[in-house]
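User: Could you take me through this structure, stating the terms as you use them?

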Amino acid sequence: MLKMKSITKTFPGVKALDNVDFEVELGEIHALIGANGAGKSTLMKILAGAYGGYEGDIFIDDNKITMNNPIEAKHNGIVIVYQEVDTALVPHLTVAENIMMDYIVDGKNDVFMNWKYIRKQAKQELDALDLDINVNCLVSDLTLSEKQMVLIGRAVFHKAKYLILDEPTAPLSIEETEKLFEIVRKLKNDGMSVIFISHRLDEVFKICEKITVLKDGKYVGTFATKEMTIDKSVEKMLGRKLENSYPKIKVDINETLLEVKDFSGTGGVNNVNLNVRSGEIVGLAGLVGGGKTELCKLLFGEGNILQGEIKLKGKGFKPKTPADAVQMGLALVPEERRKEGILVNESVETNLTLPTLDKYCKRSFMQKGKIKKASVESIDKVGIKTPSEKQLIANLSGGNQQKVAIGKWFLSDAEVFIFDEPTKGVDVGSKAEIYELIGELVAQGKGIIYASCEFNEILGLTDRVYVMYNGTVVKELISEETTEEELLYYSAGGALNEKQN
Amino acid sequence: MKNKTKKKQFDLFKILYKYGTIMVIIAAILFFAIALDNFFNFNNITNIFRSVSIVALIALAITISLTIDGFDLSAATIAGFSSVIAAKFMVVWELGPVPAIIIPLVVGVLIGCINAFLIIKMNIPDMLTTLSMMFLLTGVSITFQQGSAIYNFMPLPNNGGIASGTMHEAFLYLGQGELFGIPVPVIIMLSVATLAHIFLNHTKYGRYLYMIGGNQEAAKLSGISINKYKLIAYMISGLIAAIGGLVLGARLGSGEVDAGGPYLMDAVAASFIGFSIFGIGKPNAFGTLLGALLMGILLNGLVMMNFPYYSQDIVKGFVLIVALSLTYYKQMR
């Protein structure tokens, strides 16, 4: 039995976990659920030794153990399979070598590789899991689900007792998910415990025996699945009052700006239909892995559109690159601000004028005066707190960085703005200012797509909301007439469950 | 139906990816064998092998560094430096062949250590470290030979008379000798390639290098000491480069100024052509050897067909582009 007792973990400025208890019996499938930021991943990372330095105790079979690095965790029989499987695999080596990595490294191997044994043993592990993967295949040639299986195979060879699967089904198809569940059940019958982190409640109810719920870094409780329902779990996961208020200005909603029909493409975006009207803020609600970011990027020309098209002001087009999308009048404020939204080591001025640099050039030469003027104006308009327009963005706060990422599009003639989690990692004060900026945009008759997994934010800010699950829009709701519970219900796949029952 | 054609195309690509480079090699051999009467005889074949031996050795050195996702740009300069050390030891300092062989090898390993130290402890990217080392060594080497080539009976600077030492016979054997009719450089090249192949594919240490190169984080979490094996990789790289340098010096019979430099780009090309052999997609000793041979075959054949020597780089560049396309196009999919 594995027991975590009064675990507390503090990151600078944030208490990610506060006195959390967690218990798993041998041979059970145990779900760990909670809204975003509830601390599920943090708790499991502690268990897998990814974070040293936590308060509280961890026991295995009543022996207290320490967990300072992943190797220690492995020796205690705990293995984690992260959603990003590639972090644990060596792509240009074979399946056999990847499964047997621990054996090769542990020194039980002689100096010379025992290829015969390695291949035979790897094949046995895969056969035992009923998997048909060629062990001589390179891992880089495998599908995502097969890569997961290789990691599970590695855990089995390692005789792991506790297997943690972090959001394993998010990138999988329905058939692949079924296959994974089959294997998980098999492992359980062999006496392994599987801890299953998932946002998808329908799946949790399908295979888990027990559910532990976390909320805002605190332990809510552990329940037998039999005594729970999806509705009840949602209730346990939420139960939080709305803290933020949203400055909602009444704006007239006019003609349709953006129309997206039968839209499919890379990143698992599947048959999405939506439209945005002038003066309207449309929410895109969904959990992590629901496909919001993928849809935003695909609309913006990042990725391959397999089917469907976008109509902007009645004019159809298929952006092949973000440059096409900008040309047509779309703007994107991406989720990963530091990586995708701004040039961290450049000045505020450079960042603000980047997408519209053409306007401030004469025969391809930049006109410093015009650039300065435009930047100063937009610093003022957007309310960026910076000592000067020459300041490096790296030295600004997260909120102000985000305002630059938004402000750069203010200078463009974009008609539809796509915001992907714009308030992620932003303090409360700046959040309100960002909401105000968005309000200004709609007042000018622009259309907004606002993707977020913070449901209270969606409810407060938007006029209409599309709920996404597994890469597709599963429900369209009027924001004023819905609740957080309803949003969570649909974005956890509740609608699908409804149909099945 | 539509689906079927798609599948067929995919298979064709797979075959190309796997055997493309081999097919190019076979096509080149067939073409020259038919077009030229004396291409396919024993003498010419040994000639090709001998001509690529130094490039191949330097390329093998680079290959070892590539396995850990590094890049030893200093390999060719290490080779040049080691040939100069050997020459100076024998001609100017009148030492025997044994120190003239051992010391350059030790120096090669030491330079590998310094490279590794800068990469691991100073955290300078591999390519920049070895680029700096390349410049540094070129300068050190020329300074060590006081600005001029070192050869038998050379006049010594400052009116020191004529150098009384000579390049030793046993040393020259490394570059000019034959064993059972096979040139010694070819034997050395094949032995090093075989040893490197066994090391990389059949010992766990070789696998560690690949794991580090493929996914450093995963390798670390499996308990591999990353720094130790990076150090080992650069030491081996330095050693093989120094071996190449000995063969080079023995071949020339002297210590030339910047003797190694010109081999760098050919060696880099050979290593990367090696990626594409059998679709392995990663640095490997056997592929590197074939890569060097492919370039040797093309150059040899073209020279025999009176292809202008000044246009040879066009062919090299073209072959490299084809090989790299085969490797990287697949990774994009």
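Analyst: A residue is called buried if 20 or more other C-beta atoms, placed from the backbone, lie within 10 Å of its own, exposed if 12 or fewer do, and partly exposed in between. This is a predicted model, in which local features need pLDDT of at least 70 and side-chain atom pairs count only at pLDDT 80 or more, while totals for chains, interfaces and linings use all residues. Residues are numbered from 1 along each chain as its sequence is written, and chains are lettered from A and ligands numbered from 1 in the order in which they are written.

User: How many of the 20 residues of α12(B) are buried?

Analyst: Helices are DSSP runs (H or I, at least four residues) numbered from the N terminus, and α12 of chain B covers residues 285–304. This helix is largely enclosed by the rest of the structure, because the number of its 20 residues that are buried is 15.

User: Is Ser378(A) buried or exposed?

Analyst: Ser378(A) is found in helix α14 (residues 368–382) of chain A. Contact means C-beta atoms, placed from the backbone, within 7 Å, and beyond its neighbours within four places in sequence Ser378(A) is in contact with residues including Leu352(A) and Phe410(A). Because Ser378(A) has 22 C-beta neighbours inside 10 Å, it counts as buried.

User: Which helix gives the most to the side of chain A that touches chain B?

Analyst: In the pairing of the two chains, 19 residues of chain A are in contact with 16 residues of chain B. On the chain A side, α2 (70–75) and α4 (101–105) each supply at least two residues. The helix that gives the most, with four residues, is α4(A).

Note on methods: Expected span 1.5 Å × (residues − 1).
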